[in-house]
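Look at the model first, then read the points below.

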Amino acid sequence: MGKTTGFLEHDRKAENLRAADERLSDYKEVYDPVCEEHLRNQASRCMDCGIPFCHSGCPIGNVCPEWNDLVYRGQWEKAWERLTATNNFPEFTGRLCPALCEEACVLGIHEGPVTIRMIEKNIVEKAYERGIVKPGPPLSRSTKTVAVIGSGPAGLAAADQLNKAGHTVTVFEKDEKAGGLLRYGIPDFKLEKWVVDRRLKLMESEGIKFVCNLNPEKKDLVDFDAVVVATGSGTPRDLPIPGRELNGIHFALDFLAGQNRLTSSIEGAEQWGKINAKDKHVIVIGGGDTSSDCVGTSLRQGASSVTSFELMPMPPDGRTEDYPWPFWPMKMRTSSSHLEGGDRFWNIMTKSFNGYQGRLRSLTTVSIDWDKPQDGSRPKLIEVPHTEQIWQADLVFLALGFLGPRSDDVISRLGLDVDQRSNIKTGSEYQTDISGVFASGDCHRGQSLVVWAIKEGRECAAAVDQWLMKENSRLPLVDGIDLTAVKRF
Amino acid sequence: MKKNTLNYYPEKQGMYNPALEKDACGVGMVCHLKGHKSHMIIEKALEVLANLEHRGATGYDPDTGDGAGILIQIPHDFFKSVVDGLPDAGQYGAGSVFLPQDQSGRHSCEMILEKYLQAEGLEIIGWRDVPVDQSAIGELGQSTMPYIRQVFVASGSVALDALDRHLFIARKLAENEILKSDIEGKNQFYLPSMSSKLIVYKGLMRSFRVSIFYPELTNPLMTSGLALVHQRYSTNTFPAWPLAQPFRFISHNGEINTVRGNMNWMKARQGLFESELLGTGLERLFPILTEGASDSAIIDNAIELLYHSGRSLPHAILMLIPEAWQHHAEMPAANRAFYEYHACIMEPWDGPASIPFTDGEVIGAVLDRNGLRPSRYTVTKDDLVIMGSESGVLEIEPDNIESRGRLQPGRMLLIDTTKGCIVEDQQIKSDLAAMKPYREWLDNNMICLNEIAEPDGRSLLLDLNSDDLAAHQRLFGYSQEDLKIVLGPMAQKGMDPIVSMGNDTPLAVLSERSRQFCDYFHQLFAQVTNPPLDCIREELVTSLLSYIGKQGNLLKENPELCKMLRVNQPLITERELQKISHTENDVIRSITLSTTFEVGPSIDKILKEALDNLCAEAEHAVLAGCTFLVLSDRSCNKKRAPIPALLAVSAVHQHLVRKQLRTHTALVLDTGAPRSAHHFACLIGFGADVVCPYLAFATLRDLASRKLYVDLDAESACTSFIKAVNKGLLKIMSKMGISTLQSYRGSQIYEIVGMNSSVTDEYFTGTVSRIEGVGLKQIAEEVLINHKAGFETALPGAVELQDGGLYQWRREGENHLYNPATIALLQEAVEKGDYNLYQKYADLISGEQAKLSTLRGLFDLKKAAQPVPLDEVEPWTEIVKRFKTGAMSYGSISSQAHETLAIAMNRIGGSSNSGEGGENAERFRPDPQGNWRISKIKQVASGRFGVTSHYLINAKELQIKMAQGAKPGEGGQLPAEKVYPWIAKTRMSTPYVQLISPPPHHDIYSIEDLAQLIHDLKNSNPEARISVKLVSEAGVGTIAAGVAKGKADLILISGYDGGTGASPMTSVKHAGLPWELGLAETQQTLIMNKLRSRVRLECDGKLMSGRDVAVACLLGAEEFGFATAPLVAIGCVMMRVCHLNTCPQGIATQDPRLAKKFKGKPEYVVNFMKFIAEDFRRYMSEMGFRSVDEMVGRVDLVEMKAAVKQWKAQGLDYSAILRSVDSLPEERRCTEVQDHGISDTVDCTLIADAQAALEGGLKIEMDLKIRNVYRTIGTMLSSEISKRYGAEGLPEDTIKINCYGTCGQSFAAFGAKGLSMFVYGDANDYLGKGLSGAKLVLRPDKKAAYVAEDNIIAGNVALYGATSGEAYIRGQAGERFCVRNSGVNAVVEGVGDHGCEYMTGGCVIVLGDTGRNFAAGMSGGVAYVLDENGVFSEKRCNTELVDLEKIDDQNESIKIQGMIQKHFEYTDSPVAKKIVDNWDQMKNSFVRVMPRDYKLALKRIAAENSSANA
């Protein structure tokens, strides 16, 4: 807000998507790079609100106005410092976060909100570009060692924080390379993997040890003073309807992980990359981010058609009275993948998969309606009579969300308690019923956004630090009013 | 009760503190130029007194005035007739003595007095009872009436010329002994006078009853050649005989703003007193100043001391009340030296003052540097000189008038009756200046800081690497905001940062965080009883100069006294500090003391010990001869933490004052703590001489090197920062009405909120603090939190500084009542009409979930055993009639927002407030949809924008805004670019011309002035309630009592935390108090004075929930105001950018692009008010009240929460707030109506006589004999015109009134078009204020022989805020002629200082001299000044905003000539005649005063018009 009238002079202008046919021909990031002037103009739109609702809408409490201001002033180093003080991995959230902050942006009440996410991403990239990012190992080490199991965003955030606090941290990853969902779940066109590698390298240079291809047993952990379980929410929701056994029906993540390995040429990728949509009629069941990733990946592989189904009704284009500003609205969201092709259908339920010789050929759906009871209880699903429809399908991806951590995981090996939703059960301080063992991220709170994983990782790290050192942790935690937690009804 | 202190008032109790009592008054004097004694002089003086009656006041007992009296020469003939054995005239002394009624007490007092008189070598001749008529005084006065006697003392062995000195010594000693004794009724013992020359008759009575009470005053033998009279208006109605005036040498109309500091300095100086005249054992006379007496009594004490130690009365007075010499372009060098010399030994006693004085031979009067009190005099052909607060206090035949004058700012009128002449001001001063070679003394002895050579040696620059710098910043509690919002902008813009919206963060004592120590200190400010100053437009009276070092003996005059260091401003750089600490010479001998303490495990005593040590070291150093003590916290490190700088300096200051050593040394502060103007103001206000803020400088150098928030080089950044602080300091001083840093220093003009008395009594002695709070332990803890943060190794990636969040909400920062959750919930609730959502919001504000943020957060409201069923409680539809929206001007908010609020309030029967900015007359009728957009409350603020007769008559309530919570004591400014044409129209000004609201109302410099304005407004709209808006501060209850006596119908107490469109940051955070304190004080004080039942009380300032309303009601409020919350209801999201015109919600903006984003609806506001009322009803029900009336003032049902968990709040004690004053239910709330006394005024007759004109539009002409006691003539008549004919009024000269005599105040105020008033005589203050189209002609009586253009004919502040009309004044007018004029065309033959100040429109022609500072703040309109000798152009005009030009336009020339021609036709002025006759030549002698803004605006408007026509 070095410029008080910035928002009157510049309209919102986010990053440009590269041309659809161009981006369909590769797996590179979908956006064109932006120039510095563009960034400063966009940053100048930030009004430096007396109450920055964005800051309250962000689960990790990013102080957007501060770094928007610094970007406008061209103070990239200070912007980087301020940004990374609340966010361990802005290069991830800057690409992946649905930007809760932008929905809470005051400017968004009447017009396009500040392009906070774009600015965030570019602060990181400028910082790397200009050599601002330097390893910052702790000045002194404690005698404590911590094992972090799982190298997704929650595990990495916990590891990063614990390392800052001076503890010696080892991260275990069951797969070939660290990164978890960031590496295997998110397509490159959303997050190129060099971004992950760059971060891992920095963390290593700050003293964090990564052990891959190892799903640790109890014995591997006995030497650690504390253990953080951050294994994610790996159990996909299935769709147990007639024909489910047919060939050609896959969980979305299996499909995505395959292509991600191929893109990064990870050893043994061919093995993983057997599911291919080329010249196939693809149907994606489910309407979330994973679904959209399947759409984009299928289109890149050369699918004949891509269709996605969503059980819920089509959301409204904008806010409705039920979701007034500054709260996160249920509204239509269209990703770059959706813009690249394919069809989307709502209020549609798959009744059966139909096949021939064990191979999927089509599926049958029915249209549905939702009945909203007056008493405010959950809406009821009603099938609309005579609306059965048969859809040609060679491949179906189930993108129906995740039910919780995999049961064959560390959970059983360590004998951790789980809650009703099969997430790891902890006290308020992230500690499980086993002393010294903590849990954070999706395996703890259930599937969610990267930003929540980072928040969990940070909070868990502070809890571990406090438990280890028996004194108040100095790791910073975000406190204060969190809009996502304000209960209205 | 404190022993040995006089208690004229009730004890300190609850929120009431007698130290905060105020008074003001009317003064007068009559003398014979040649000193001829006669009874007639006394008669005339008493007549003057009676004619000043309206300047005084009475309390609930109408027969007991606030006090009146007369000071005359010893009436020897009379005394001879009643006292046996009296020596010849002049050979004896007579004392007027108030004694205890108790006989034995009386006897004891007499014995003691006699003892000391005899000890002085005097002989008692005898005593006499003074006959009095008790029936002349009211019950209240009788209840405390002393036994009144006179004592007569022969000179005995004492030389005659020493007689008075010995009488003085004897009196002092007797007073001291009796005060310390336990004599029954000792508080009644008091000597109004004891002298060989003068005697005082005074008491608690109304002015016209003095001679009835003292029948001997009418005895023809009673003669005198001179007399002083005084009529007091005190804020309270407590009987206090001794405080009636005159005192022994003076009477005083005014207020000493700096009295606390003056008393301390005087006390500190006592140690150095030596006087040959007064002899040895001077300390027996101490204290020189009477603790617990009024400021007027105290200044009399000081003058008395200086007089008896050998200075003449004029000399003594000019030492205490010097004129503004520092920036005086025309002052002779010798006079300047005189003042500068005396500035070394005495700080000014600053404040408004008109002080008549006499020693029995000379008689005179002096006016303060600002001219803030009226003083008019007339010299008659038969050698009488009559001076008074008003002209016309004595009827004089016009042909007997020799001359008429007024006291000018800083000037003295002196009559030497022995020589039989008037001594001109210039003569008095040049005589005094020539007494000693002051200039030479100064040149030989004084050192200037900037002339000292730079010493070699180590640098004191704090050059740190960035890590260390950050560590130091954390150590002193810096946050990111300090860089981005405080230091950066201060350096970049050279001014105190401006912010908007109010404060919604917790008081320091309620905060969970470590807060700046200065946050506990709340600035006091001037309201009502004295005016704040405008340090920008009236810069010439201000000064930051000071003289520091070791002071000398006040009672001597010698060159030694100016061995001082002169510093131009209180902030010094590191280099300058180095000069002080490394120079040794006659003046400077310095030592550096560390103000740090070792961090240890036990924090209970750590600070106490450190402070004890520091004070002991300081004392030791002073005794060892150090003249400069440098208190430094530079040596902080991991092991040592800083004592809060303010605590350290005040502790040392107070300690040295107590030891009478303070004036032996200067206190230099070298500290990392201060960075905002408030910090520096606190440090200096509690005793620091100069401050070197090394960390602020280091931070600025760092920001400059990184080009972060500052785009200047390091040195410029520091210089600019100093400039910003200087401006901020001046502003803080001037909001208290203090003009010079010297008198501000040590004046302790603060209230401490949330600190316990063991700290405040010891280290901040005498400063108000009423609710206890933190002790040294918690203060140490706060320091240690920062110390830890400072020196602990940071984790990688941690931010260097915390965000802060004091100004802008941050999750990690300070708690704000308005935050994302409360705003989101409230907006959704009112938009959907959902009470449950409101309840969630209310829970966050004041429910279980609420964070501790306000004092009321710790209130427990007692539930009734038997709640009242909710449906039996007064319905919400009734309750909302007590609700109001706050005063927000159209201009500060958009028309949509403004009208939305008005429509909503009109729908529910509540009231909205126009704010300061007029109101479009279209809104006085319903809109096409049938919505009423009229604001029931019309505000009258200092700018008087759009305040016309028509505006006033269209109100249900007229609110006089004395102060605004967010910036009490300050004015405002609407920058030119925001004065869009539609705003200008409503404000009756010119588009694109900036509008300035002055800090004071220029017609309210005192309580009697406010009473006058209340009277004026009541006349302008007899149906409307008159309300007065005050801001909570220590003493507001006392002021409210005065306001109630001044006949206000309603008093609004605003909290300091209210909103604002633009205010300096330091004001928003640090000026004023929470309303809980002010409201409680007001309620208690009004009940104690039995005045509560006459006025309604209203409260506002962050009222956000039903509980807030309940608390306000229980503390005494009957009506409730909301401003920020309704704005939130219509979309405000607390952007805090109102001052930038960029409100993205279309509320606080005039930018059409943004205004169209406004989404608010009246329904939202209605819902909000309904929810608040419903919420409030639930509290009523729970507490057992059916109606609001029953609940008002039931403070007995409030307790303080028992278990307070928050670590700092534990020490709070609310017993003062929650004190319930014994009263009947009908004494707790408003149950009576004020008697405004307007039913039998002159206007009632005029209206009756003008029916033909009013009803039929017929032209009529009337004759009227007038006197000064007839006030506000023509106003009510004008209201009748406006009522019938709207803003248009009647055709010119429809009602013509010829008046003969002296106009009372506010003559023709708000005079409407069609009214023409021709006065033959003269006029007092506020002539034609708010003139709304009327024509006004003022000329001397035709029989008067004096030369009109050389004499004064109109008082001060004529045509203030006038919007249209014409005025022709033959003769000179006083100060501030046409101030804030926006449309009147006026011709006058000379004006005083500050002419055409803040003018925004109209045309003023001055055919004579002007005073200084003409055209200050003048942004519009044109003035033409006849400047034949060039003095005006060179010295008198303030050209900051205006250009001086020649008349070069033919049309213009014709227009001006025409106006002067009219002036001649109406007034027969020979001056006008001469000019008109020689116009072609004379026009070249005129200077056109053209505001630059205005010129541009005219061009712009012309361009816009021509493009519109094209």
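Which side chain of chain B meets A:Arg82 in a salt bridge? The partner is B:Asp803, at 2.7 Å from N to O. A salt bridge here is a side-chain nitrogen of Lys or Arg within 4 Å of a carboxyl oxygen of Asp or Glu.

This is a predicted model: local features need pLDDT of at least 70, side-chain atom pairs count only at pLDDT 80 or more, and totals for chains, interfaces and linings use all residues. Residues are numbered from 1 along each chain as its sequence is written, chains are lettered from A in the order in which they are written, and side-chain values use heavy atoms, without hydrogens and water.

**The interface**
- Contact (heavy atoms within 4.5 Å) links 56 residues of chain A with 44 residues of chain B.
- The two chains bury about 4400 Å² between them. This is the accessible area (1.4 Å probe) that two parts lose on being put together, summed over both.
- Carbon and sulfur atoms give 59% of that area.
- In chain A, A:Ile51, A:His110 and A:Arg474 lose the most area to chain B, together 15% of what that side buries.
- Nine salt bridges cross the interface of chain A and chain B.

**Helix α10 of chain B**
- Helices (H or I, at least four residues) and strands (E, at least two) are DSSP runs, numbered from the N terminus.
- Helix α10(B) spans residues 333-343, and eight of its 11 residues are buried (under 20% relative accessible area, 1.4 Å probe, protein chains only).
- Among the buried residues are B:Phe338, B:Tyr339 and B:Tyr341.
- The buried residues of α10(B) pack against elements of chain B including α9 (313-320), α11 (425-433) and β20 (546-548).

Key: Buried < 20%, exposed > 50% of the residue type's maximum accessible area, 1.4 Å probe, protein only.
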